[in-house]
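Dear colleague,

Please find below the structure that I am handing over to you. A short account of the findings comes after it.

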Amino acid sequence: MAALPVPLLALLLLLLAGCGGPGAAGQRRKEMVLSEKVNQLMEWASKRSVIRMNGDKFRRLVKAPPRNYSVIVMFTALQPHRQCVVCKQADEEYQILANSWRYSSAFTNKIFFAMVDFDEGSDVFQMLNMNSAPTFINFPAKGKPKRGDTYELQVRGFAAEQLARWVADRTDVHIRVIRPPNYAGPLMLGLLLAVIGGLVYLRGSNLDFLYNKTGWAFAALCFVLAMTSGQMWNHIRGPPYAHKNPHTGQVNYIHGSSQAQFVAETHIVLLFNGGVTLGMVLLHEAATSDMDVGKRKIMCIAGIGLVVLFFSWLLSVFRSKYHGYPYRYVRL
């Protein structure tokens, strides 16, 4: 075979360099696929902050490469027949977070928020061996999700602010949560001021009710009971009301860890503390009142019974959260 002239050989080399070879063609295909994915997600995000996905969309846009964006996915079960109260509460906070990102000035195609409902993507749940909802997972731009990419819902709660901190930790995208205006607080304050103003108007110059020690003591006691039962923790963390086991259908109202609690648990502890307090009040009245001895004995027995019963239940709750606690008041 005759050798090619040098000018012709140089020309062939230039043509090969211009075409880029098989590797360059593959790279261009990846770039085209990636561009199509990003454009599709941006189009959906412009219409809805949380993109609803089924199995096909999830596999194509979240699992399959190439991908240069992160996707936060909430796996949930929102259909009424699933009776997942926690899913609905978590969805409300998730929508607030996604809307805060979508309508912020820093919005980019670096991160997207999506949702897979069990009834629309049960195959995705099976693929990920997932058996509980709601669950939040971050699918990073490169590689597979690590342990920290699964949100610790039971520990952190599902408040939008907590989710935003987790997103910032996993993606370096900082989202300032903007909640819709809530007029419940100002309305309640206005109603309270109206009631106080009405009482002052009706009572005229007689303001002795403002010096009623029993009324102020009752109000202070209610506030103390609410705070000691964990209401402020609920307000900050936004925990679920309870947890329903997806396999057995059993509903747990007491969280099994000492690091978290349910809203229902707060109400239970509030009731138990109130029962103990009522028992102590009855014991105090039995010891200091001027009633006849028979009534005082009845109040004393009732007070002791309330203290023993409700304090025993409090210890039972404490033992269920602090495993290995050896003491109990009454064996339950």
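Predicted model: local features only at pLDDT ≥ 70, side-chain atom pairs only at ≥ 80, totals over all residues.

Residues are numbered from 1 along each chain as its sequence is written, and side-chain values use heavy atoms, with hydrogens and water left out.

Nonpolar cores

A nonpolar core is a set of buried Ala, Val, Leu, Ile, Met, Phe, Trp, Tyr and Cys residues joined through side-chain atoms within 4.5 Å. Buried means under 20% relative accessible area, exposed over 50%, and partly exposed in between, with a 1.4 Å probe and protein chains only. The largest such core has 29 residues, and Tyr-94, Leu-97, Phe-113, Phe-136 and Val-167 have the most contacts inside it. At least two residues of this core come from each of β2 (70-76), α4 (85-102), β3 (111-117) and α7 (160-171); helices (H or I, at least four residues) and strands (E, at least two) are DSSP runs, numbered from the N terminus. The greatest contribution, 8 residues, is that of α4.

Apart from neighbours within four places in sequence, Leu-97 is in contact (heavy atoms within 4.5 Å) with Phe-113, Ala-160, Leu-163, Ala-164, Val-167, Ile-175 and Val-177. There is also a second, separate core of 22 residues, including Met-53, Tyr-69, Phe-125 and Met-130.

Cysteines

How many disulfides does a search of the whole structure find? The search finds 1 disulfide, the term standing for a pair of cysteine sulfur atoms within 2.5 Å. The disulfide is formed by Cys-84 and Cys-87, with their sulfur atoms 2.1 Å apart. The link of Cys-84 and Cys-87 is right-handed, with 70° about the S-S bond.

Cys-84 has a relative accessible area of 15% and is therefore buried, and Cys-87 is buried with a relative accessible area of 0%. Cys-222, by contrast, is partly exposed, with a relative accessible area of 37%. Cys-300 also counts as partly exposed, because its relative accessibility is 29%.

Yours sincerely
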